[in-house]
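I opened this entry to record what I looked up about two chains and the surface they share.

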Amino acid sequence: MDQELHALFAERFVRNENRIYRYIFSLVPRRSEAEELFQETSLTLWKTWERYDPKVEFVSWACGISHNLVRNHLRKRKNQPCLLLDEQILDQLAERRLREDGALEERRRILRTCLEKLPGRQRQLVEEVYGGDRSMKDIAGETSQTPNAVYKLLRRIRAALFDCVDRKAAPGGAA
Amino acid sequence: MTWREEVQSLADAMVEESITEAQVARLSELLQRNPEAQDFYLRYLDLEASLHVEMRGGARLALRRAVAPWKKVAFAAAALLGIGLSGFFLLRPPSAPAVLARTHEAAWSRPSVALQAGATLNPGTYRLEKGIAELRFSSGVTAVVEGPCDFELTTPLEMRLQSGQVVCRADPGTKGFTVHTSKAEVLDLGTEFGVRIGEAGRTEVQVYEGEVIARPKGGSAVEQRLLGGQAVDVDASVREALFRPSRFIRTLPGPLDPRGRGHHPYNLARYDEVHVVPAPPKVAIDGDLSDWDLSGRIATACEPPYQGYALEEALMFDERFLYVGGHVGDPFPMKSKISPDTPREIYGMGGCVSFRISTDRRMGWPVRGEHADFRRGRPAAAEDLNEKLTFMVFWYYEPEKKACLHLRYGMDLHGTMVNPPGYRGVFRKDADGQGYTFEYAVPWELLHAAEDPPRGGDVLGAMGLAHWSDALGQTWQGQLIDVANPLERGWNFYNARTWGRAIYHAKGSLPAGTVRPLPNPASRVDD
């Protein structure tokens with residue numbers, strides 16, 4: 001096997017896997033489904049690395065493959081109410097998402113700073129909800145709140161983080 | 001309610017998985033009519049996805065519930081890498097976790113028996129009083145410990161560090177090795193990284209290449225994902241720290257070095273400019289630089305303990321040629337077995353000197369141009385494909401005793417040419433076998449500058465690199481990169497702004513003091 005190509009592929013894969021996951025999530029914004037599709041994409045990429053052309057930009061290539069898997073995923077569930085946007089609008093979003101990838105990558109970096117600025121309790125909640133394995137019910141129960149109240153608080157935190165990133169993103173910047 | 005508030009609320013419902021069919025229809029309608037709304041929606045969702053990734057330390061670790069499918073990925077990857085599953089999270093039944101591959105002035109106080117290179121290291125506790133020892137784990141990980149150091153071995157996929165420091169490097173494809181300290185767990189995802197115990201057990205982690213997860217023990221502090229060039233201090237929390245390439249002793253680039261490609265430099269850039277002087281009327285390309293004007297020469301070297309790996313380089317020019325010459329300190333000089341006749345992407349694997357150079361007089365300095373991977377989806381611009389940016393690789397193909405030249409152009413490295421007509425080159429080995437002199441004349445045509453070659457007074461871009469090989473001349477070991485723009489970070493291969501200045505002089509024999517090293521060497525860490 002071509003060692004150089006393989007090394008190049010492996011490096012680009014590791015370097016870019018977060019971007020691939022986030023691309024998938026923008027089309028299928030439900031965590032467990034997005035995770036499954038990410039795994040399926042990873043598996044496909046590892047199986048097809050020999051077809052990777054190093055001159056082609058890795059993220060576009062990988063996202064193209066994951067977009068196909070997302071399409072198949074949606075078609076499989078065509079007869080059930082799938083509660084996702086329809087294919088035609090997802091295609092528009094997919095294209096736009098890829099174009100904005102650089103700007104979104106920058107926003108993710110800014111997000112780290114914004115996370116540090118969250119008040120301690122909010123930060124802790126974010127860690128528990130996003131970093132832990134416990135259900136929302138358990139997390140809510142611990143602080144004697146209803147899951148609904150926690151969802152509401154999370155919405156407020158997300159909005160605050162979003163505003164924080166907006167403020168710090170260069171005006172008219174890479175976007 | 002503005003469209004923005006409405007999209008936000010629907011996106012919230014979407015990620016909470018509480019959205020109704022009617023709401024999906026409404027969202028669709030809002031997005032359909034409004035590209036601005038699409039952008040907002042994508043940013044909002046990306047914030048959510050970024051939180052998954054950030055709080056989990058990476059996409060693979062973001063996977064929560066379904067472990068089984070990921071194993072499939074591990075199997076596929078392991079099969080591809082041809083390493084068997086032992087290297088990929090799963091263990092074969094351990095016998096001895098490691099062997100002592102080699103040592104340098106090592107003195108052990110535990111165990112009490114003298115340990116020689118080649119010794120099997122059974123599970124147990126060890127204390128290295130002084131010197132350096134290289135441990136080779138059966139999982140495919142090499143660890144270099146520097147005394148004084150206390151550590152414990154248990155299985156091939158982990159070690160416990162009680163005091164001192166270690167640098168670990170995993171073979172390609174090997175992942176999952178963990179260094180435990182009293183304060184932290186450092187999980188390797190395929191990389192080279194260093195761990196040191198500081199005061200009161202504080203754990204310093206520094207990643208040279210690849211990816212690592214640093215996780216504090218106990219407490220609520222969140223784990224952190226580190227990439228090459230990043231460092232953190234871990235005790236109750238994880239704090240970012242300054243990356244210092246010379247903080248840890250790393251394996252010597254040498255014949256027994258199992259570490260592979262030698263991807264990153266072992267030096268700090270000492271120069272941000274190089275002086276190109278007019279060539280004397282007659283320059284013989286013979287591997288002897290005594291007929292050169294060496295007044296613009298720079299001398300740079302790898303950081304201790306590798307200072308023997310050094311590069312001196314000088315550049316001259318006239319109307320027809322660019323002259324590149326110098327000397328490389330190298331214990332295995334001119335060994336390359338990389339044939340110029342076999343098409344390949346990289347010819348420098350067996351040791352080489354290389355230069356990135358711009359002959360674009362209109363652009364001047366800093367040089368602009370980015371590789372596709374750095375552009376993040378931005379389409380290639382003319383400057384990314386600039387024919388006047390050249391990557392030159394000089395190597396000596398030992399089987400045919402030939403001074404070779406590989407040329408590629410633009411930041412996309414197109415137009416590859418090997419040993420094109422018109423250049424002349426000679427290598428000459430040092431009498432003591434500890435280095436070599438190289439001397440090349442490259443016509444401006446080959447640098448796409450015949451029409452408008454650089455002139456005295458020009459300030460353009462350049463960067464020099466040296467790669468060392470193993471004793472056989474087949475595998476890359478460490479490298480050195482110098483003449484860098486200290487204001488830029490990142491890969492010189494990706495971003496031409498990282499290149500330093502090349503100052504073309506109208507008159508040679510530069511006065512003393514013209515060549516000035518940087519007062520503080522820049523910590524360039526990337527190739």
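**Entry 1, one pair across the interface.** I started with a salt bridge that A:D163 forms with B:R4, in which the closest N and O atoms are 3.8 Å apart. I note at once that this is a predicted model, and that the cut-off for a salt bridge is 4 Å between a side-chain nitrogen of Lys or Arg and a carboxyl oxygen of Asp or Glu, so the 3.8 Å of this pair falls within it.

I then listed the elements that give two or more residues to the side of chain B that touches chain A, and found α1 (3-15), α2 (21-32), α3 (35-56), α4 (67-81) and α5 (372-375) of chain B. Which element gives the most to this side? I found that α3(B) does, with 20 residues. Sorted by class, the side of chain B that touches chain A has 34 nonpolar residues, 23 charged residues and 14 polar residues.

I looked up the contacts next, and 71 residues of chain B are in contact with 69 residues of chain A. The size of an interface is often given as the accessible area lost when the parts come together. I therefore wrote down that chain B and chain A bury about 6,900 Å² between them, with 57% of that area on carbon and sulfur atoms. How many salt bridges are counted between chain B and chain A? The count is twelve, and for polar contacts the rule finds 17 residue pairs across the interface, with both residues at pLDDT 80 or more.

I recorded eight helices and zero strands for chain A, and its elements, read from the N terminus on, run α-α-α-α-α-α-α-α. Of its 175 residues, 54% count as buried, while chain A exposes about 8,300 Å², of which carbon and sulfur atoms supply 49%. Among the contacts in chain A between residues at least 6 apart in sequence, I noted that 68% join residues at least 24 apart.

**Entry 5, chain B.** For chain B I recorded five helices and 24 strands. Chain B has 527 residues, and buried residues make up 58% of them; it exposes about 20,500 Å², with carbon and sulfur atoms supplying 52%. Of the contacts in chain B with a separation of 6 or more, 60% are accounted for by residues 24 or more positions apart.

Notes
Residues are numbered from 1 along each chain as its sequence is written. Chains are lettered from A and ligands numbered from 1 in the order in which they are written. This is a predicted model: local features need pLDDT of at least 70, side-chain atom pairs count only at pLDDT 80 or more; totals for chains, interfaces and linings use all residues. Side-chain values use heavy atoms; hydrogens and water are left out. Contact means heavy atoms within 4.5 Å. Buried area is the accessible area (1.4 Å probe) that two parts lose on being put together, summed over both. A polar contact is a pair of N or O atoms within 3.5 Å; within protein, one must be able to donate a hydrogen and the other to accept it, and residues adjacent in sequence count only if both atoms are side-chain atoms. Helices (H or I, at least four residues) and strands (E, at least two) are DSSP runs, numbered from the N terminus. Ala, Val, Leu, Ile, Met, Phe, Trp, Tyr, Cys and Pro count as nonpolar, Asp, Glu, Lys and Arg as charged, and the others, Gly among them, as polar. Buried means under 20% relative accessible area, exposed over 50%, partly exposed in between (1.4 Å probe, protein chains only). Accessible areas come from the Shrake-Rupley method with a 1.4 Å probe; for residues, only the protein chains shown count as cover.
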